[in-house]
Amino acid sequence: IKNTDSPEDPGTIISSNVDPRGLCGVSGKTGFSKLKLRKLMMFKKPGMRHALLTILHLYGVKPSYSIFGIDSIVWLFDSKMANDNVLKSMCERLKKDFELDDVIFERNHAIIGLVGGHMDESTAFIEAACALKDANIKVNFMNFGASRTTALIGVNEEDCTKAVQTIYNKVF
């Protein structure tokens with residue numbers, strides 16, 4: 001199947017040969033910024049996530065990916081959504097208005113996606129993470145089990161191509 005935006009590219013082959021682990025691809029995308037908010041027992045207060053998201057939206061930031069913990073949330077969004085001055089102002093407001101312990105903002109992140117069927121039952125994600133460790137590629141976050149079809153790994157933007165190649169070579 002050819003890509004309509006890049007018909008000169010080789011495209012994708014559809015085959016009856018299926019990877020027994022359900023894996024069908026690995027890809028990476030750069031250009032993300034990461035916002036990490038932390039406060040002890042953050043989500044004990046009802047409506048906290050919605051209130052935080054409302055502030056982000058006021059500053060023009062609409063996260064593409066979310067990772068939640070008991071005391072923290074990490075949002076990843078397209079870096080083009082806001083310049084450093086806007087983000088600095090947003091971070092100061094978040095920290096003050098919600099009495100957050102930490103508000104950490106970083107640019108230059110990439111997201112690697114492993115896709116296939118039954119990813120939540122596959123060992124490919126573990127193999128991928130181990131391969132990145134062996135290649136000395138720093139992993140910034142992992143999201144596994146939330147989706148049956150996708151597992152995500154965050155790396156520094158400059159490591160994106162090497163990470164995709166490393167994972168591809170290991171799991172395929």
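**Strand β6 and its surroundings in a predicted model**

Trainee: This is a predicted model. Which residue of β6 is the bridge partner of Ala-110?
Mentor: Look across from Ala-110 into β6. The bridge partner there is Val-155.

Trainee: How many bridges join β4 to β6?
Mentor: β4 spans residues 102-116 and runs antiparallel to β6. The number of bridges joining β4 to β6 is seven.

Trainee: In what order do the six strands form the sheet?
Mentor: The sheet is open, and its pairing is antiparallel. Its edge strands, β2 (65-68) and β5, each pair on one side only. From one strand to the next, the twist averages 30 degrees. The order is β2-β3-β1-β4-β6-β5.

Trainee: Why is strand β6 largely enclosed by the rest of the structure?
Mentor: β6 runs over residues 150-156. Buried means under 20% relative accessible area. The strand is largely enclosed because, of its seven residues, the number buried is six.

Trainee: Which residue takes a positive phi in the hairpin of β5 and β6?
Mentor: Six residues lie between the two strands of this hairpin. One has phi near 95 degrees: Gly-145.

Trainee: Within what arc do the buried residues of α4 fall?
Mentor: The buried residues of α4 are Cys-160, Ala-163, Val-164, Thr-166, Ile-167 and Val-171. Seen down the helix axis, they line one face, because they fall within an arc of 165 degrees.

Trainee: Which residues are exposed on the other side of α4?
Mentor: The buried residues of α4 pack against β1 (23-38), β4, α3 (124-134) and β6. On the other side, the exposed residues are Thr-161 and Asn-169.

Trainee: How far does α4 reach from its first C-alpha to its last?
Mentor: α4 has twelve residues, numbered 160-171. At 1.5 Å a residue, 16 Å is expected. The reach in the model is close to that, at 16 Å.

Trainee: At about what angle does α2 run to β4?
Mentor: α2 covers residues 84-98. It lies across β1, β3 (72-78) and β4. Its angle to β4 is about 105 degrees.

Trainee: And what angle does the direction of α3 make with that of β6?
Mentor: α3 packs on the sheet. It touches β1, β4, β5 and β6. With the direction of β6, the angle is about 10 degrees.

Definitions and conventions
Residues numbered from 1 in each chain as written. Predicted model: local features only at pLDDT ≥ 70, side-chain atom pairs only at ≥ 80, totals over all residues. Heavy atoms only, no water. Buried < 20%, exposed > 50% of the residue type's maximum accessible area, 1.4 Å probe, protein only. Helix = DSSP H or I, 4+ residues; strand = E, 2+ residues; numbered from the N terminus. Pairing = 2+ DSSP bridges. Expected span 1.5 Å × (residues − 1). Arc of directions from axis to C-beta. Contact = heavy atoms within 4.5 Å. Axes fitted to C-alpha atoms, helices over the stretch in contact; angles between N-to-C directions.
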